[in-house]
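Morning, everyone. Please have the sequence and the structure open while I talk.

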Amino acid sequence: MNHNDHDHDHDHDHDHQGDDKVHAYYQILGQALKELLIEKGVVSASEIRTAMERRDTITPANGAKVVARAWVDGDYRARLLHDANSAVAEFGIEMPTTHLVALENTPAVHNVVVCTLCSCYPRDLLGLPPAWYKSKAYRSRVVHSPRAVLHEFGTDLPETVEVRVHDSTADMRYLVIPMRPEGTDGWDEDALRSLITRDTMIGVASI
Amino acid sequence: MMTCSRYRSGDRVRVRDDYPIGHIRTPVYIRGCEGQVVRYLGHFGNPETLAFCLPTEPRELYKVQFRQVDVWPNYEGSLMDTVELDLYDHWLEGDHSQ
């Protein structure tokens with residue numbers, strides 16, 4: 001990805017130069033692989049395009065539907081925490097190749113998700129990950145200085161709250177269930193969904 | 001499902017302090033650290049052989065919690081803060097609660 005065309009919605013105290021060189025290398029590698037797969041008839045250009053188009057239709061609205069339901073329906077919340085794949089399937093969201101785990105924020109625990117080894121992300125619920133989630137800066141810093149990183153996102157938590165970082169190093173994908181804010185009693189699911197954003201479901205922000 | 005797994009929730013484990021070459025899903029920063037199993041996640045193909053299209057046997061996967069102060073010598077934050085990783089059983093070593 002070119003440095004000038006990616007999403008710049010984050011604090012910019014880090015240098016992207018290193019990431020960009022790596023991106024350029026893998027972009028060429030990815031393109032070569034794609035051309036070979038097409039040439040050998042393994043997949044068609046049209047199939048690749050269709051898959052990309054489908055990917056681009058997935059947004060954090062999927063995750064927000066799930067979280068809003070968990071806020072209003074205790075039984076659903078229990079199902080989501082017990083077996084998240086089955087719970088999201090109730091909304092028609094199928095995740096055949098990945099295992100989803102829902103992490104509930106509480107007054108005592110704040111969860112935040114990262115993938116230090118690559119950029120594993122619950123794409124079926126949140127869409128494509130933001131550029132900062134894939135940056136080396138976030139991936140390395142949030143593990144050893146989570147409170148400093150959260151502070152840069154405007155999230156300050158008292159010492160009495162446990163900050164729990166989840167490094168998705170294997171076959172699990174993680175979705176944070178943010179805490180339902182006070183003063184929303186009686187709100188319907190539609191209204192609640194509007195409060196639930198991508199960053200609150202990654203865990204870098206609270207509501 | 002829990003009964004046939006090697007570790008149970010609450011077990012103390014130590015991550016192997018080993019540096020083999022290959023497709024390793026155990027981050028370097030956690031090798032040699034001690035933590036506690038919080039959840040058995042099931043059986044999964046071993047990525048170390050899957051990555052090379054070699055025959056693989058299922059490995060047990062665990063969610064393991066570490067205290068941040070046990071992972072980073074100069075951790076700045078609360079003593080309560082934790083980090084959790086998903087680790088395959090062959091990267092975990094027995095009971096180190098002593």
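Predicted model: local features only at pLDDT ≥ 70, side-chain atom pairs only at ≥ 80, totals over all residues.

Residues are numbered from 1 along each chain as its sequence is written, while chains are lettered from A and ligands numbered from 1 in the order in which they are written.

Start with helix H3 of chain A, residues 61-72. Helices (H or I, at least four residues) and strands (E, at least two) are DSSP runs, numbered from the N terminus. The expected span is 1.5 Å times one less than the number of residues. So the twelve residues of H3(A) should span 16 Å, and the end C-alpha atoms are 17 Å apart, which agrees.

Is H3(A) mostly covered or mostly open? Mostly covered: ten of its twelve residues are buried. Buried means 20 or more other C-beta atoms within 10 Å of the residue's own; exposed means 12 or fewer; partly exposed is in between; C-beta atoms are placed from the backbone. Among the buried ones are A:Gly63, A:Arg69 and A:Trp71.

Now chain B. Two helices and five strands. Along the sequence, the pattern is β-β-α-β-α-β-β. Buried residues make up 27% of its 98 residues. Its C-alpha atoms fill a box of roughly 45 × 35 × 20 Å, taken along the principal axes.

Last, contacts: two residues whose C-beta atoms, placed from the backbone, lie within 7 Å. Among chain B contacts between residues at least 6 apart in sequence, 58% join residues at least 24 apart.
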